[in-house]
Amino acid sequence: MRDSIQAAEELNPLIPHLSEIILGTAVFLVLLFAVAKFVVPNFERAFAERTKAIEGGLEAAETKQAAADAKLAELEQQLAEARHEAARIREEAREQGAQIIAEMRQQAQTEADRIVGAGKAQIEAERQQAVTSLRAEVGTLATSLAGRIVGESLADDERSARVVDRFLADLESLEGTSR
Amino acid sequence: MIAGNLATTLAPMASGGGFTPPGPADFDLPPIFGEVTKPMVMIVLSAVLIFALTYAMSRRAAVVPGRLQFAGEFVYGGVRNSIARDSIGSEHFMKFVPYLFTLFLFVLVNNYFGMIPLVQFPTFSHSGYAYGLAALSWLLYNGAGMWKHGVWGYIKHTTVPGGVGGPVLALIIPLEFLSNIVVRPVTLALRLFANMFAGHLLLILFALGGEYLLFEASSSLMNIFGGVMSFVMFFAVSALELLVMFLQAYVFTLLTAMYVAGAVAEDH
């Protein structure tokens, strides 16, 4: 080191030793060969396998996704059909119910009409009967009453019948106006 | 500024004969045995180291990488994708990946030899190694161009820029030839060599200067201050060198990739 100033004048670092160029190049080429043959293919293999693994995983996931989508669509379809069916049945039931109610109402009405008609007929018959018996009795009663009041027997049948008829006619006309 | 001060402090001492500043001769280490010198041992050692490490990293090639493999793939993937593929394009880049990957690690490891204790010598501060690599890169990109375009096709491709015609070509062709064929390998080699050489020289200067001022020169306050500052600068420059060593490896590789990309590009 002490003689470096003197040596520097003789030594130009830009001028290489030929042996160093050759050695450096040779060592590099050997290393290049070794790396290209034993190292790079391994790294590339790892990269390729990783890519494949990721792509395989993605593909499997896509298949599963597609299957799940199909299943979901199918289920939704079924659900929609079931809803439709249920709505149809409900509608039918409602129609049937309405029909049944209408029929029942009709029957009840008929029955009621029948019962009312029968009742009316019976009442009419009974009234008729009552009127007939009343007429007979009222005639007798009135005649005997009038006989007692007048003091003499209304022996004259023809006359008494006339009186009774007039009375009854008055009674009926009275009834007619009051009704 | 500190370096400037230091130089003025040291200069009179050098002329006084007390301190001998380091020079190119310090890079001319005596042979270890026979004709074998330290850089020779180092360059072989670097190749063995690189192969052993990268082989250990890549051997398993597992889909889920371990820590070692992950580190290897980080470096390999960086060179492969960020340098090779992004420069050369996805069509041809795989052919050049082994070269670029080896080149990057080779320069990187040999540069960092300059910082590893006990080794502490950047191999590429001997210009011969840098010339060798530059020559290989030169052969690679020119060879790749000729493989792609044919010999005459490549020479035309690389010297005649697109969209230029007429008499200007008489000026352009020699210029393009000079810049693309002649100058490129020279700059490639000199950039690497000069950075490693200058960086190492700076480190020697601050280390020896500090040592001299603190332990050999008369212990005046000025000398002690200068010596301490010299060691501080040694650490600062060391930190800078750590960055430069990586950058030179990266730049050498990236430029080679770009030269290859230019050579194999489609005709414009």
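This is a predicted model: local features need pLDDT of at least 70, side-chain atom pairs count only at pLDDT 80 or more; totals for chains, interfaces and linings use all residues.
## Ground rules

Local features need pLDDT of at least 70 and side-chain atom pairs pLDDT 80 or more, while totals for chains, interfaces and linings use all residues. Residues count from 1 along each chain as written, chains are lettered from A in the order written, and side-chain values use heavy atoms, without hydrogens or water.

## Where the chains meet

The contact (heavy atoms within 4.5 Å) takes in 38 residues of chain A and 49 residues of chain B. Together they bury about 3,800 Å² (accessible area lost by both parts on being put together, 1.4 Å probe), with carbon and sulfur atoms giving 74% of that. On chain A's side, Glu20(A), Phe28(A) and Phe43(A) supply 18% of the area buried against chain B, more than any other three residues.

There are two salt bridges between the chains (a Lys or Arg side-chain nitrogen within 4 Å of an Asp or Glu carboxyl oxygen). Arg80(B) pairs up with Glu44(A) in a salt bridge, with the closest N and O atoms 2.6 Å apart.

The largest nonpolar core has 68 residues. Such a core is a set of buried Ala, Val, Leu, Ile, Met, Phe, Trp, Tyr and Cys residues joined through side-chain atoms within 4.5 Å, where buried means under 20% relative accessible area (1.4 Å probe, protein chains only). Among those with the most contacts inside it are Phe28(A), Phe106(B) and Leu133(B).

Phe28(A) touches residues including Tyr99(B), Phe106(B) and Leu136(B), leaving aside residues up to four places away in sequence.

Technical notes
Buried means under 20% relative accessible area, exposed over 50%, partly exposed in between (1.4 Å probe, protein chains only). Buried area is the accessible area (1.4 Å probe) that two parts lose on being put together, summed over both.
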